[in-house]
Amino acid sequence: RLDGEGLVFTALKPAEQGSAMVLRCYNARPSPAAGAWHLSAPVVAAHRARADEQILHEIRLGEGGRSVPFHAAPHEIVTIMVSLAGTG
């Protein structure tokens, strides 16, 4: 589930390389937005990435490893890569 005012879901797909899952959204508003992805499976690691899936930095997980918080600039496309527990 994606939470955050003005955030619009755009993609959920396997990463081009490796076993991570790519979560993508964009901020449809002209102001910054705080958001979070909430997953039913525990997340081992989450990273902010560019659209080409190059990792930028690690994201600190919330809610017992099932929430991935982030901030989006005005009209920004946000790409997050997550590795779930039990995936190769």
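Trainee: Is Glu53 buried or exposed in this model?
Mentor: This is a predicted model, where local features need pLDDT of at least 70, side-chain atom pairs count only at pLDDT 80 or more, and totals for chains, interfaces and linings use all residues. Residues are numbered from 1 along each chain as its sequence is written, and side-chain values use heavy atoms, with hydrogens and water left out. Buried means under 20% relative accessible area, exposed over 50%, and partly exposed in between, with a 1.4 Å probe and protein chains only. Glu53 has 12% relative accessibility, so Glu53 counts as buried.

Trainee: Where is Glu53 found?
Mentor: Strands and helices are DSSP runs numbered from the N terminus: E over at least two residues for strands, H or I over at least four for helices. Phi of Glu53 is positive, near 70°, and Glu53 is not a glycine. Most residues other than glycine have a negative phi. The place of Glu53 is the loop between β5 and β6.

Trainee: What is the phi of His75?
Mentor: His75 sits in the loop between β7 (67-72) and β8 (77-84). His75 is a residue other than glycine with a positive phi. Its value is near 60°.

Trainee: What is the order of the open sheet of 5 strands?
Mentor: Two strands pair if DSSP finds at least two bridges between them. Here the pairing is antiparallel, in the order β2-β3-β8-β5-β6.

Trainee: Which are the edge strands there?
Mentor: Look for strands that pair on one side only. Those are β2 and β6 (55-58).

Trainee: What is the average twist from one strand to the next in that sheet?
Mentor: Axes are lines fitted to C-alpha atoms, for helices over the stretch in contact, and angles run from 0 to 180 degrees between N-to-C directions. From one strand to the next, the twist averages 30°.

Trainee: Which residue in β6 stands opposite His47?
Mentor: β5 (residues 43-49) pairs with β6 in the antiparallel sense, over 3 bridges. Opposite His47 stands Glu58.

Trainee: How many residues lie between β2 and β3 in their hairpin?
Mentor: β2 and β3 (residues 21-27) run antiparallel, joined by 7 bridges. In this pair, Leu7 faces Asn27 of β3. Gly18 in the turn has a positive phi of about 85°. The number of residues between the strands is 6.

Trainee: Which residue in β4 stands opposite Leu2?
Mentor: A second topic is the open sheet of 3 strands, β1-β4-β7, with antiparallel pairing. Its edge strands are β1 (2-3) and β7. There are 2 bridges between β1 and β4 (residues 33-38). Leu2 faces Trp37.

Trainee: Which residues does His71 touch beyond four places away in sequence?
Mentor: His71 lies in strand β7 and has a relative accessible area of 60%, so His71 is exposed. Contact means heavy atoms within 4.5 Å. On that basis, His71 touches Ala33, Ala34, Arg48 and Glu76.

Trainee: What is the accessible area of the nonpolar patch with Val8?
Mentor: Val8 belongs to β2 and is partly exposed because its relative accessibility is 30%. Patch residues have over 30% relative accessible area and no salt bridge, with like charges joined within 9 Å and nonpolar side chains (Val, Leu, Ile, Met, Phe, Trp, Tyr) within 5 Å. A salt bridge is a Lys or Arg side-chain nitrogen within 4 Å of an Asp or Glu carboxyl oxygen; accessible areas come from the Shrake-Rupley method with a 1.4 Å probe, and for residues only the protein chains shown count as cover. Val8, Tyr26 and Ile77 together have about 250 Å².
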